[in-house]
Amino acid sequence: MGVFENKFQDNVVVASLDKLLGWARSTSPWFFQFGLACCAIEMMATAASRHDLMRIGMLPRSSPRQADVMIVAGTVTLKMALRVKKLYEQMANPKYVISMGSCATSGGPYWQHGYHVLKGVDLVVPVDVYVPGCPPRPEALIEGLLKLQEKIQSDRPLTRKIA
Amino acid sequence: MTDNLEQLIKEAVEKALEGDMDAINNIEDRVTRSKAKAALVKAKREAAKEKPEVSSDESDSTQDSAKIKTSNENIAELIIQQFPEDINKDLSSEGHIQIHPKNWMAIAKYLRDDPACLFDSLQCITGVDLGEESDLEVRYNLHSMTHLHAIEVRITCSRNNAKVPSVESIWRIGDWFERETYDMYGIEFDGHRDLSRILLPEDWEGWPLRKDYDVQETYHGIVVPKVKEGWE
């Protein structure tokens, strides 16, 4: 605080714009509502009343244009991989991807013999958080989402990145 | 004391066998009551064991009459009457009917419309790869709602020229079944109105459920990793 100490009234918070943006973004990451397999059921459970994602500022959006986070929930087949990529490209920046469950992360049980399964969604889109499990419990997904919030918070959108 | 109890149990079981369950239910001590019930079950089981020995002669005669032909055999005979050339008797069994592909369309029409067959429901079409050196096979499961009988029809075709007449125009459901079989085994169904892949993308290479299928290395630039060493 230093210079600004006691210069303002009590209900004024002083922060750097960079941090403020990070904080604002991290507390309302709307996620893209689409599921690919059984993980989607757990994702639905996470969003439903018992676990209530709304309390950490997340709500499902049905359009990629309105979404900030894509939760890849389920087995990504090669046929679907092209579509997942297209959906990711349709999302507006800044955008984040959570790979939910073994299938999305590495192909899961289809690792060896699934001729039609993409062996990890990170082969087509960049992934920020991996949530392990088959399928992960809602608590695990929430843990992943909180990790993502930490990551978003640590972003400094206005700071020039030094290569 | 124990002698008394055993006597009590014995009497109760005897009464129960005659149909008076109260004799057991009225025993006050729980342990004794459950012992009595166990004894009753044992007695009944022994009684049941004795019965078939008595009626063993009868069961033999019923077994003879139980050798009723299966619906597969019955229908095979009907088909032979109509299409004597088109059925492979040697390969047919009580579980299925082996048919040559040539007249399959006409046979299918007969199976659906003949009053003795009336197979109005085609329940499943599936393919089978009989081995890398061997043929492919299509299997049809038919069921009749009227007669409540069911048969399995099998048709083999060569691996390199896998063609079977389509029955999609006879049973409408055959449309998607045949497309799936085509998708997985590359068996072409002659006469199908829209024979295209149903599950896999249009530009997929190969027939995944054939034994000699090789997984493609890339799909639209996406690398499909092969099994790595140490992963097996």
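Guide: In this predicted model, helix H2 of chain A, which spans residues 39-47, has as its buried residues A:Cys39, A:Ala40, A:Met43 and A:Thr46. Viewed along the axis of H2(A), these buried residues fall within an arc of 110°, and so they line one face of the helix. The cover over the buried residues of H2(A) includes strand E1 (31-32), strand E3 (69-73), strand E4 (96-100), helix H4 (101-106) and H5 of chain A.

Helix H5 of chain A, residues 138-154, is also where A:Gln149 is placed. A:Gln149 has a relative accessible area of 11%, and because this is under the 20% cut-off, A:Gln149 counts as buried. Apart from residues up to four places away in sequence, A:Gln149 touches A:Ser26, A:Thr27, A:Pro29 and A:Ile56.

Turning to the partner chain, 12 residues of chain A are in contact with 18 residues of chain B, and the area buried between the two chains is about 1300 Å², with carbon and sulfur atoms giving 77% of it. On the side of chain A, the residues that lose the most area to chain B are A:Leu78, A:Trp111 and A:Tyr115, which together account for 49% of what that side buries. Between chain A and chain B the count of salt bridges is zero, while one residue pair, with both residues at pLDDT 80 or more, is in polar contact. Sorted by class, the side of chain A that touches chain B has eight nonpolar, two polar and two charged residues.

How values were computed: Residues are numbered from 1 along each chain as its sequence is written. Chains are lettered from A and ligands numbered from 1 in the order in which they are written. This is a predicted model: local features need pLDDT of at least 70, side-chain atom pairs count only at pLDDT 80 or more; totals for chains, interfaces and linings use all residues. Side-chain values use heavy atoms; hydrogens and water are left out. Helices (H or I, at least four residues) and strands (E, at least two) are DSSP runs, numbered from the N terminus. Buried means under 20% relative accessible area, exposed over 50%, partly exposed in between (1.4 Å probe, protein chains only). Contact means heavy atoms within 4.5 Å. The arc is that of the directions from the helix axis to the C-beta atoms. Buried area is the accessible area (1.4 Å probe) that two parts lose on being put together, summed over both. A salt bridge is a side-chain nitrogen of Lys or Arg within 4 Å of a carboxyl oxygen of Asp or Glu. A polar contact is a pair of N or O atoms within 3.5 Å; within protein, one must be able to donate a hydrogen and the other to accept it, and residues adjacent in sequence count only if both atoms are side-chain atoms. Ala, Val, Leu, Ile, Met, Phe, Trp, Tyr, Cys and Pro count as nonpolar, Asp, Glu, Lys and Arg as charged, and the others, Gly among them, as polar.
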